Amino acid sequence: MKKKRLFALITSAFFILSACGTAAANQEDNSWSNVEKKKELVVATSGTLFPASYYNDQNELVGYDVDLAKEVAKRLNVKISFKEYNVDGQITSVSKGESDFAANDFGITKEREKKFSLSEPFKYSFDSMIVRKKDDSGIHSLEDLKGKKAAGEPNTSYMRLAEKHGAKLVTYDNATNDQYLSDVANGRTDVILNDYYLQKMAVSALPDIPVKILENVYFNENESGFLLKEGNDALKKKIDGVLKEMKEDGTTKKISEKYFQTDVSVKPKETMAESVSE
């Protein structure tokens, strides 16, 4: 009797586990059908990251990532709306399903791909450092970051890298470029680690602030795309299909040259002075 009872329990457990596995396997991905139903893409962004996402002189939300997102929505025949957050807020909004994806120069990293789905890349770049023009903030390599004050938003790969090299972190909450650059110039901070093209545009847009990009200290070749909730493969497939069309017909290049004066949708030719695993 005991043997029969034990077998019955094992058999029951087997069927329960099998049913659970089947239910999980058959779980439907409604990420695209939900967008179709509401006829709208809800996109998380910052509105403060020039030239990826910012407000122009007409108080319109524009930028490379923003314009690409608008074009994707247009080609998918749905409306688009934007919700503005800092980086942590964007990630939370996507994770909770409050936004369909985030458009804010999100790097495609192995660590991020473990937790999220990411679109096909539409920006290829590398990282650099902004320092004071008069003395380079005493920095000539990543090793010189030790003891320096690094500015940025919390929980970004740039701040983790700065901390790894011994920098003191000075964190900001969705601050504008002029605040970041002014604080480096006046000594409140010493350095900003970020994407080279974003830094190049920021420095060019604010020529009266005495800062510069540290020459020939480039690192971390990277790719950027849209950030989606893990498992939203149906929506990712739709977005990737449109991004491919846009690249093939020259739309992505045109938008890139509007904001960067170069085509960031192709891999850069610059040589990395240092290769950093992040």
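Which residues have the most contacts inside the largest nonpolar core? In this predicted model, local features need pLDDT of at least 70 and side-chain atom pairs count only at pLDDT 80 or more, whereas totals for chains, interfaces and linings use all residues. Residues are numbered from 1 along each chain as its sequence is written, and side-chain values use heavy atoms, with hydrogens and water left out.

The largest nonpolar core has 50 residues, and those with the most contacts inside it are Leu41, Tyr64, Val72, Phe101, Phe226, Ile239 and Phe260. This core lies between domain 1 (37-121 + 224-258) and domain 2 (125-219), because both give residues to it; the domain bounds come from an automatic or database domain assignment. A nonpolar core is here a set of buried Ala, Val, Leu, Ile, Met, Phe, Trp, Tyr and Cys residues joined through side-chain atoms within 4.5 Å. Buried means under 20% relative accessible area, exposed over 50%, and partly exposed in between (1.4 Å probe, protein chains only). In soluble globular proteins, nonpolar side chains tend to be buried together.

With residues up to four places away in sequence not counted, Phe101 touches Leu41, Val42, Val43, Ala44, Ala69, Val94, Phe226, Leu227, Leu228 and Ile239 (contact: heavy atoms within 4.5 Å). Over the protein, 72% of the contacts with a separation of 6 or more are between residues 24 or more positions apart. Of the 278 residues, 50% are buried.

The protein contains ten helices and 13 strands. These are DSSP runs numbered from the N terminus (helices: H or I, at least four residues; strands: E, at least two). Strand 9 (residues 149-152) runs parallel to strand 10 (residues 168-171) and is joined to it by four bridges; two strands pair if DSSP finds at least two bridges between them. Within this pairing, Leu169 of strand 10 stands opposite Ala150. Together with helix 6 (residues 157-164), strands 9 and 10 make a right-handed β-α-β unit; right-handed denotes a clockwise path from the first strand over the helix to the second, with the strands pointing away from the viewer. Strand 9 also pairs with strand 11 (residues 191-195), in the parallel sense and over two bridges, and Ala151 has Ile192 of strand 11 as its bridge partner.

The whole structure holds 13 salt bridges (a side-chain nitrogen of Lys or Arg within 4 Å of a carboxyl oxygen of Asp or Glu). In one of them, the closest N and O atoms of Lys38 and Asp100 are 3.1 Å apart. Lys38 lies in helix 2 (residues 31-38) and Asp100 in the loop between helix 4 (87-95) and strand 6 (101-107), so this pair ties together parts 62 residues apart in sequence. Lys38 is partly exposed at 39% relative accessibility, while Asp100 is buried at 10%.

Arg75 forms a salt bridge with Glu71, with 2.7 Å between the closest N and O atoms. The two residues are four apart in helix 3 (residues 64-75) and therefore separated by about one helical turn. Glu71 is buried, with a relative accessible area of 17%, and Arg75 is partly exposed, at 29%. Arg75 also meets Glu245 in a salt bridge (3.9 Å, N to O). This pair links helix 3 to helix 9 (residues 233-248), its members being 170 residues apart. Glu245 is partly exposed at 43% relative accessibility. Through shared partners, salt bridges join Glu71, Arg75, Glu245 and Asp249 into one network.
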